[in-house]
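Let's take a walk through a protein chain together. Please have the viewer open and follow along as we go.

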Amino acid sequence: MPAFDVVIPARNEEPTVGGVVRAARGARGVGRVVVVDDGSTDGTAAVALAAGASVVSARSGGDKGRALALGVSATTASVLVFFDADILGTQPFHLETLAAPVLAGDGVLSCGIVDYGWKSPLFLRLPPITGLRALRREVFAAIPAARQNGFRIEIMINEVVARRRLPSTIRVLRGLTHRSKIEKVGWRRGLPSHLAMTGELLGCLRTVPLWTYGAYLCGLTVLPPAGPGPAGIIRSAADSVG
(Lines give C-alpha, C1' and ligand atoms only; values in the text may rest on other atoms or scores of the structure.)
Protein backbone atom coordinates (compact mmCIF):
# COMPACT_ATOMS: atom_id res chain seq x y z
CA MET A 1 0.00 0.00 0.00
CA PRO A 2 1.56 3.35 -1.05
CA ALA A 3 2.33 5.76 1.78
CA PHE A 4 1.68 8.89 -0.32
CA ASP A 5 0.84 10.13 -3.81
CA VAL A 6 2.53 13.08 -5.52
CA VAL A 7 0.80 15.87 -7.45
CA ILE A 8 2.97 18.14 -9.63
CA PRO A 9 1.23 21.13 -11.26
CA ALA A 10 3.10 22.23 -14.36
CA ARG A 11 2.73 24.93 -16.99
CA ASN A 12 5.55 25.27 -19.55
CA GLU A 13 8.11 23.53 -17.32
CA GLU A 14 9.74 21.33 -19.96
CA PRO A 15 13.33 21.98 -18.73
CA THR A 16 12.69 20.85 -15.13
CA VAL A 17 9.60 18.66 -14.86
CA GLY A 18 11.44 15.48 -15.86
CA GLY A 19 13.90 15.75 -12.99
CA VAL A 20 11.11 16.35 -10.48
CA VAL A 21 9.14 13.35 -11.76
CA ARG A 22 12.15 11.02 -11.65
CA ALA A 23 12.91 12.07 -8.08
CA ALA A 24 9.28 11.54 -7.07
CA ARG A 25 9.17 8.09 -8.63
CA GLY A 26 12.36 7.17 -6.78
CA ALA A 27 11.01 8.18 -3.36
CA ARG A 28 10.38 5.38 -0.91
CA GLY A 29 6.68 4.93 -0.15
CA VAL A 30 5.45 6.73 -3.27
CA GLY A 31 2.30 5.61 -5.07
CA ARG A 32 0.98 7.60 -8.01
CA VAL A 33 2.98 10.48 -9.46
CA VAL A 34 0.54 12.77 -11.26
CA VAL A 35 1.61 15.74 -13.38
CA VAL A 36 -1.17 18.20 -14.15
CA ASP A 37 -0.35 19.86 -17.46
CA ASP A 38 -1.99 23.24 -16.96
CA GLY A 39 -2.27 24.49 -20.54
CA SER A 40 1.40 24.15 -21.50
CA THR A 41 2.49 25.19 -24.99
CA ASP A 42 5.85 23.38 -24.82
CA GLY A 43 6.84 19.74 -24.30
CA THR A 44 5.95 19.58 -20.60
CA ALA A 45 3.44 16.73 -20.98
CA ALA A 46 5.70 14.63 -23.20
CA VAL A 47 8.70 15.01 -20.88
CA ALA A 48 6.58 14.12 -17.82
CA LEU A 49 5.23 11.00 -19.54
CA ALA A 50 8.71 9.93 -20.60
CA ALA A 51 9.91 10.32 -17.00
CA GLY A 52 7.15 7.98 -15.79
CA ALA A 53 4.37 10.24 -14.55
CA SER A 54 0.66 9.94 -15.13
CA VAL A 55 -0.34 13.13 -16.95
CA VAL A 56 -3.75 14.78 -16.80
CA SER A 57 -4.62 17.91 -18.75
CA ALA A 58 -6.25 20.90 -17.09
CA ARG A 59 -8.46 23.36 -18.91
CA SER A 60 -7.84 26.12 -16.40
CA GLY A 61 -4.91 27.52 -18.35
CA GLY A 62 -2.66 28.70 -15.55
CA ASP A 63 -4.82 28.26 -12.45
CA LYS A 64 -2.69 26.49 -9.86
CA GLY A 65 -5.52 25.85 -7.41
CA ARG A 66 -7.70 24.14 -9.99
CA ALA A 67 -4.72 22.19 -11.30
CA LEU A 68 -4.02 20.87 -7.81
CA ALA A 69 -7.67 19.95 -7.33
CA LEU A 70 -7.62 18.00 -10.58
CA GLY A 71 -4.44 16.23 -9.52
CA VAL A 72 -5.91 15.35 -6.13
CA SER A 73 -8.93 13.81 -7.84
CA ALA A 74 -6.56 11.53 -9.78
CA THR A 75 -5.00 10.13 -6.57
CA THR A 76 -6.18 7.81 -3.80
CA ALA A 77 -3.59 7.98 -0.98
CA SER A 78 -4.56 9.56 2.33
CA VAL A 79 -1.33 11.60 2.33
CA LEU A 80 -0.51 13.88 -0.60
CA VAL A 81 2.76 15.57 -1.55
CA PHE A 82 2.50 18.70 -3.69
CA PHE A 83 5.72 19.59 -5.49
CA ASP A 84 6.31 22.43 -7.95
CA ALA A 85 7.61 21.47 -11.39
CA ASP A 86 10.13 24.33 -11.60
CA ILE A 87 12.39 23.04 -8.81
CA LEU A 88 16.03 22.19 -9.54
CA GLY A 89 18.12 19.69 -7.61
CA THR A 90 15.21 17.49 -6.51
CA GLN A 91 16.17 14.15 -4.98
CA PRO A 92 13.89 11.35 -3.70
CA PHE A 93 15.07 12.38 -0.23
CA HIS A 94 13.29 15.72 -0.50
CA LEU A 95 9.88 14.15 -1.10
CA GLU A 96 10.44 11.54 1.62
CA THR A 97 11.40 14.32 4.04
CA LEU A 98 8.27 16.33 3.22
CA ALA A 99 6.01 13.32 3.75
CA ALA A 100 7.67 12.01 6.91
CA PRO A 101 6.07 14.31 9.57
CA VAL A 102 2.56 13.73 8.19
CA LEU A 103 3.07 9.97 7.92
CA ALA A 104 4.40 9.91 11.49
CA GLY A 105 1.38 11.84 12.79
CA ASP A 106 3.43 14.86 13.85
CA GLY A 107 1.29 17.21 11.80
CA VAL A 108 -1.41 17.33 9.14
CA LEU A 109 0.69 19.71 7.05
CA SER A 110 4.42 19.61 6.34
CA CYS A 111 5.98 22.49 4.38
CA GLY A 112 9.41 22.79 2.83
CA ILE A 113 11.23 25.86 1.53
CA VAL A 114 14.38 26.27 -0.51
CA ASP A 115 17.39 27.63 1.35
CA TYR A 116 17.26 31.44 1.41
CA GLY A 117 20.43 31.71 3.49
CA TRP A 118 20.30 34.32 6.26
CA LYS A 119 16.68 35.10 5.32
CA SER A 120 15.48 31.53 5.95
CA PRO A 121 14.50 32.09 9.64
CA LEU A 122 12.12 34.85 8.50
CA PHE A 123 10.55 32.75 5.76
CA LEU A 124 10.08 29.86 8.18
CA ARG A 125 7.84 32.05 10.35
CA LEU A 126 5.84 33.79 7.63
CA PRO A 127 2.57 32.26 6.40
CA PRO A 128 3.95 29.69 3.96
CA ILE A 129 3.17 30.15 0.28
CA THR A 130 5.56 27.40 -0.74
CA GLY A 131 4.55 24.86 -3.36
CA LEU A 132 6.48 22.15 -1.53
CA ARG A 133 4.20 20.52 1.01
CA ALA A 134 2.68 17.29 2.26
CA LEU A 135 -0.77 17.14 3.81
CA ARG A 136 -3.60 14.88 4.80
CA ARG A 137 -6.17 14.52 2.03
CA GLU A 138 -8.94 15.79 4.31
CA VAL A 139 -7.14 19.14 4.69
CA PHE A 140 -7.43 19.84 0.98
CA ALA A 141 -10.99 18.50 0.90
CA ALA A 142 -11.96 21.03 3.62
CA ILE A 143 -11.27 23.98 1.30
CA PRO A 144 -14.54 25.16 -0.27
CA ALA A 145 -14.60 24.47 -4.02
CA ALA A 146 -15.03 28.18 -4.72
CA ARG A 147 -11.66 28.84 -3.07
CA GLN A 148 -9.74 26.06 -4.78
CA ASN A 149 -8.34 28.37 -7.41
CA GLY A 150 -5.39 30.57 -8.23
CA PHE A 151 -2.12 30.98 -6.38
CA ARG A 152 -4.07 31.65 -3.20
CA ILE A 153 -4.58 27.90 -2.84
CA GLU A 154 -1.52 27.83 -0.55
CA ILE A 155 -3.14 30.39 1.77
CA MET A 156 -6.40 28.44 1.72
CA ILE A 157 -4.57 25.30 2.88
CA ASN A 158 -2.96 27.30 5.69
CA GLU A 159 -6.36 28.66 6.71
CA VAL A 160 -7.86 25.19 7.18
CA VAL A 161 -4.93 24.20 9.40
CA ALA A 162 -5.09 27.43 11.41
CA ARG A 163 -8.86 27.54 11.95
CA ARG A 164 -8.90 23.96 13.17
CA ARG A 165 -5.85 24.50 15.39
CA LEU A 166 -4.07 21.59 13.70
CA PRO A 167 -0.33 20.90 14.06
CA SER A 168 2.03 21.61 11.17
CA THR A 169 5.76 21.56 10.47
CA ILE A 170 8.15 23.46 8.23
CA ARG A 171 11.82 23.13 7.38
CA VAL A 172 14.47 24.20 4.89
CA LEU A 173 15.13 21.63 2.17
CA ARG A 174 18.74 22.17 1.27
CA GLY A 175 20.01 21.45 -2.21
CA LEU A 176 16.92 22.87 -3.92
CA THR A 177 16.60 25.97 -6.08
CA HIS A 178 13.81 27.12 -8.36
CA ARG A 179 13.51 28.91 -11.68
CA SER A 180 11.82 32.27 -11.22
CA LYS A 181 9.26 33.62 -13.65
CA ILE A 182 11.80 36.18 -14.80
CA GLU A 183 14.35 33.45 -15.54
CA LYS A 184 11.74 31.55 -17.53
CA VAL A 185 10.32 34.31 -19.71
CA GLY A 186 12.46 37.40 -19.12
CA TRP A 187 11.78 40.68 -17.32
CA ARG A 188 9.18 42.03 -19.73
CA ARG A 189 6.76 39.11 -19.18
CA GLY A 190 8.06 37.73 -15.91
CA LEU A 191 7.84 40.87 -13.75
CA PRO A 192 4.15 41.62 -14.47
CA SER A 193 3.35 37.96 -13.86
CA HIS A 194 5.19 38.02 -10.53
CA LEU A 195 3.44 41.23 -9.47
CA ALA A 196 0.04 39.78 -10.40
CA MET A 197 0.75 36.70 -8.28
CA THR A 198 1.80 38.91 -5.34
CA GLY A 199 -1.36 40.98 -5.69
CA GLU A 200 -3.52 37.87 -5.69
CA LEU A 201 -1.86 36.61 -2.49
CA LEU A 202 -2.25 39.99 -0.76
CA GLY A 203 -5.89 39.97 -1.79
CA CYS A 204 -6.39 36.97 0.50
CA LEU A 205 -6.35 39.43 3.41
CA ARG A 206 -9.92 40.32 2.42
CA THR A 207 -11.12 36.80 3.23
CA VAL A 208 -8.52 35.35 5.62
CA PRO A 209 -8.45 37.17 8.99
CA LEU A 210 -5.07 38.02 10.47
CA TRP A 211 -5.78 36.07 13.68
CA THR A 212 -5.38 32.84 11.72
CA TYR A 213 -1.67 33.65 11.35
CA GLY A 214 -1.28 33.55 15.14
CA ALA A 215 -3.20 30.28 15.28
CA TYR A 216 -0.90 28.86 12.61
CA LEU A 217 2.22 29.87 14.56
CA CYS A 218 0.88 28.30 17.75
CA GLY A 219 0.62 24.92 16.05
CA LEU A 220 3.85 25.20 14.07
CA THR A 221 7.03 23.22 14.67
CA VAL A 222 10.15 24.41 12.82
CA LEU A 223 12.25 21.35 12.07
CA PRO A 224 16.03 21.33 11.49
CA PRO A 225 17.17 21.87 7.89
CA ALA A 226 17.55 18.73 5.81
CA GLY A 227 19.71 18.22 2.78
CA PRO A 228 23.26 17.59 1.65
CA GLY A 229 25.54 16.21 4.33
CA PRO A 230 29.34 16.12 4.46
CA ALA A 231 31.05 15.85 1.08
CA GLY A 232 27.75 16.67 -0.61
CA ILE A 233 26.16 13.33 0.29
CA ILE A 234 22.39 13.48 0.74
CA ARG A 235 21.34 12.17 4.16
CA SER A 236 18.24 10.08 3.52
CA ALA A 237 15.10 10.44 5.58
CA ALA A 238 13.78 7.09 4.33
CA ASP A 239 13.88 5.48 7.76
CA SER A 240 11.44 8.08 9.05
CA VAL A 241 9.04 7.32 6.21
CA GLY A 242 8.67 3.77 7.40
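The tour below goes from the whole chain to its sheet, then to a few residues and their charged contacts.

Keep in mind from the start that this is a predicted model. The chain contains 11 helices and 10 strands. Of its 242 residues, 48% are buried. If you consider contacts between residues at least 6 apart in sequence, 76% of them join residues at least 24 apart.

Eight strands make up an open sheet with mixed pairing, and their order is 3-2-1-4-7-6-8-10. Strand 3 (54–57) and strand 10 (220–222) each have a single partner strand, so one side of each has no neighbour in the sheet. On average, neighbouring strands here are turned by 20 degrees against each other, direction ignored. Helix 1 (residues 14–26) packs on this sheet, where it touches strand 1 (4–10) and strand 2 (30–37). The direction of helix 1 makes about 160 degrees with that of strand 2.

Strand 4 (residues 79–82) pairs with strand 7 (residues 132–136) in the antiparallel sense, over four bridges, and Leu 80 stands opposite Leu 135 of strand 7. Strand 7 also runs antiparallel to strand 6, to which four bridges join it; here Ser 110 has Ala 134 as its bridge partner. On to strand 8: its pairing with strand 6 is parallel and spans five bridges, with Cys 111 partnered by Ile 170.

How enclosed is strand 6 (residues 109–113)? Five of its five residues are buried, so the rest of the structure largely encloses this strand. Both faces are covered, with Leu 109, Cys 111 and Ile 113 buried on one side and Ser 110 and Gly 112 buried on the other.

Strand 8 (residues 168–172) holds Thr 169, which is buried because its relative accessible area is 3%, under the 20% cut-off. The residues that Thr 169 touches, leaving aside those up to four places away in sequence, include Leu 109, Ser 110 and Cys 111, as well as Leu 220 and Thr 221.

Tyr 116, Leu 122, Phe 123, Leu 126 and Tyr 213 make a nonpolar patch of about 410 Å². Leu 126 sits in the loop between helix 5 (120–125) and strand 7, and its relative accessibility of 33% counts as partly exposed.

Finally, consider the charged side chains. The structure has eight salt bridges. In one of them, Asp 63 meets Arg 66 at 3.7 Å, N to O; Asp 63 is buried at 13% relative accessibility, whereas Arg 66 is partly exposed at 48%.

Between Asp 84 and Lys 64, the closest N and O atoms are 2.9 Å apart. Asp 84 belongs to the loop between strand 4 and strand 5 (87–88) and Lys 64 to helix 3 (residues 64–73), so this pair ties together parts 20 residues apart in sequence. Glu 154 also forms a salt bridge with Lys 64, with closest N and O atoms 2.9 Å apart. That pair links distant parts of the chain, as Glu 154 lies in helix 7 (residues 153–163) and Lys 64 in helix 3, 90 residues apart. Both Glu 154 and Lys 64 are buried, and Asp 84 counts as buried too, at 17% relative accessibility.

Conventions: Residues are numbered from 1 along each chain as its sequence is written. This is a predicted model: local features need pLDDT of at least 70, side-chain atom pairs count only at pLDDT 80 or more; totals for chains, interfaces and linings use all residues. Side-chain values use heavy atoms; hydrogens and water are left out. Two strands pair if DSSP finds at least two bridges between them. Helices (H or I, at least four residues) and strands (E, at least two) are DSSP runs, numbered from the N terminus. Axes are lines fitted to C-alpha atoms, for helices over the stretch in contact, and angles run from 0 to 180 degrees between N-to-C directions. Contact means heavy atoms within 4.5 Å. Patches are made of residues with over 30% relative accessible area and no salt bridge: like charges are joined within 9 Å, nonpolar side chains (Val, Leu, Ile, Met, Phe, Trp, Tyr) within 5 Å. Accessible areas come from the Shrake-Rupley method with a 1.4 Å probe; for residues, only the protein chains shown count as cover. A salt bridge is a side-chain nitrogen of Lys or Arg within 4 Å of a carboxyl oxygen of Asp or Glu. Buried means under 20% relative accessible area, exposed over 50%, partly exposed in between (1.4 Å probe, protein chains only).
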